[in-house]
Amino acid sequence: MTPIISARGLTKRYGRATAVDHIDLEIPPGRIVGLIGPNGAGKTSALKAILGLATFDGELSVLGKNPSRDRASLMEDVCFIADVAVLPRWARVWQLIDVTEQIHAGFSRATCMEYLEQTKITLDHKVKQLSKGMVAQLHLALVMAIDAKLLVLDEPTLGLDILYRKQFYSSLLNDYFDEQRTILITTHQVEEVEHILTDLIFIQDGKIVLESSMEEVEQRYLELMVRPEHAEQARSLQPLYERELFGRHIFLYDSVDREKLAGLGEIHTPSVADLFVATIKGGQS
Amino acid sequence: MKRLIALVRREYWENKGALRTTPLVIGAIYVAFLLMSIFTTAHFDNEMYTFKEAIRLLASQPAEFRATHGYEVMLGSSLFFTVVLAFVVFFYLLGALYDDRKDRSILFWKSLPASDTLTIASKLITAMVVAPLIFWAVFVLTQIVMALIASLMVMSVGENPWTLFFSVINPFKAWAMLLVSYLAAAIWFLPLHGWLLLVSAFAPRIPLLFALLPPVIFAILQIWITFLKTFTLNTSLFGLIGDWVANSPAILTAEVHDGEGMLALGVPFTGEFDHAVTLANILDRLFSTQMLAGLVVAAVFLAVALWLRHRATES
């Protein structure tokens, strides 16, 4: 299958600073990929290059197109929310729906209205009258009504309350997602998305530090919780990362035999957030 | 095409105040002034004696005189509309590629499958066609309303407005000429439109400053250098811009010349007064070498604006 996104040596420099540093990446269709990294890691720069919003060095192909050169035609099959609250403040809701419908062949007014009915937004509202959360709801409704092959969400739920966030992710998974579509999400609220992700990419200082499917993550990484008396023994097995919680020591291992750990304490699959901290902090020490 | 229309509609929605409300307000002011002058006359002259005399005097003039002056008054009264239209277009273009960068909604517009070229085209069409058309339509509407009021006045003093004006004046000729001159001026000022879009795409803040400062600095340097070289002040950018405005196919003045009606296209301060409102003169302007040079300059400005727009989301 041809990949949706394929990058080789993708690099983005701002003056002397390198935001994205020779990234190689291949994302096949039908995946939900979480792009996760600390602030300033280069997530947004990478996304901008993918969406044709910024120039770049290296090779990058999205749906077989060069995003920087063919942004307009690429956007027929890609939709994105690149920042919260970027809808034009002067516009009324019906005007945004109208203009999106006219310009986007894949936009479904009916689907958009279905999403809007779950909110308090009316067609006559002006964007500037809406709260931050409502603007995000409106933007999500517009974007999810577009029949696209690639959906890119950069912090999509910022400013949304927890009820709507849950609802959003469930409709993203149940109504929107299918084998033909690929979703690329960046968020700081890792806990919320980890159950819907199929793939993980950790990015730090412009480089990819981990790229793996969720199944692989479950197979490779283990978290072991031990009492202090077993800590020394656990430490000798070269954990990626160690932390303490309520007097217990928690170790995170990469590709260690389950049998070896079984006697020492409780074994879990680590959460994405813990794995992230271990990878980033572990990599630094 | 569908996308272009959608983008032009978006421009109209965003700028409804400037594009629609402004000409309506001007029209309302025209009508209000007419009514005020009627009431003033009636207030001081109960019998409407002066007014009757004036009408009688007008009726005694030959038909040709009434036709020429009627035509002039009809075109001349567009002056205020034209000047305000110029300001509206100026500030519209100055904000056209700036406002959505400022409020970051450019990210939404760039998420739609519409190219930067199409976006800039939609802004130019709005400035060059949509704005003049709306101003023109409201002006025509205003004149119809004013003609109705004037007719009632004329009838109230026992004269026939049909024989007085309408049988000799062809309003469609004046209206058509005005529309033609608006569209011709839109083409004529393409270098200016291009410059404003360039500034609009470039300015990190206060586009007005960036629009005015470079030409002012350039012109001052030019004047100074010319002065050092030759101790004369012949050409400068200001002179060039002044000539450009003077030569524009816009109806800015209407005057009587040598007893005959003459409408000036542009401000006749260059001495050559060959700017009468005729199709031939307008076409003469549009197919001049001056226009050709202007189009080249406009193309360069627009290409830079497009390049800047492409990179607008870079950081």
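Before we look at pairing, one term is needed: two strands are said to pair if DSSP finds at least two bridges between them. Please bear in mind that this is a predicted model.

With that term in hand, consider strand 8 of chain A, residues 199-204, which pairs with strand 9 of chain A in the antiparallel sense over six bridges. Within this pair, F202(A) stands opposite L210(A) of strand 9.

These two strands belong to an open sheet of six strands in chain A, whose order is 5-6-7-3-8-9 and whose pairing is mixed. Which strands form the edges? They are strand 5 (78-81) and strand 9 (207-213) of chain A, each of which pairs on one side only. From one strand to the next, the twist averages 15°.

Helix 1 of chain A, residues 43-50, packs on this sheet. There, helix 1 touches strand 3 (32-36), strand 6 (150-154), strand 7 (182-186) and strand 8 of chain A, and its direction makes about 150° with that of strand 6.

I turn now to the second chain. In chain A, 26 residues are in contact with 21 residues of chain B. On the chain A side, helix 2 (71-74), strand 5 and helix 3 (93-103) are the elements that give two or more residues. Which of the elements gives the most? That is helix 3 of chain A, with five residues. By class, the side of chain A that touches chain B has 15 nonpolar, six polar and five charged residues.

Thank you for your attention.

Conventions: Residues are numbered from 1 along each chain as its sequence is written. Chains are lettered from A and ligands numbered from 1 in the order in which they are written. This is a predicted model: local features need pLDDT of at least 70, side-chain atom pairs count only at pLDDT 80 or more; totals for chains, interfaces and linings use all residues. Helices (H or I, at least four residues) and strands (E, at least two) are DSSP runs, numbered from the N terminus. Axes are lines fitted to C-alpha atoms, for helices over the stretch in contact, and angles run from 0 to 180 degrees between N-to-C directions. Two residues are in contact if their C-beta atoms, placed from the backbone, lie within 7 Å. Ala, Val, Leu, Ile, Met, Phe, Trp, Tyr, Cys and Pro count as nonpolar, Asp, Glu, Lys and Arg as charged, and the others, Gly among them, as polar.
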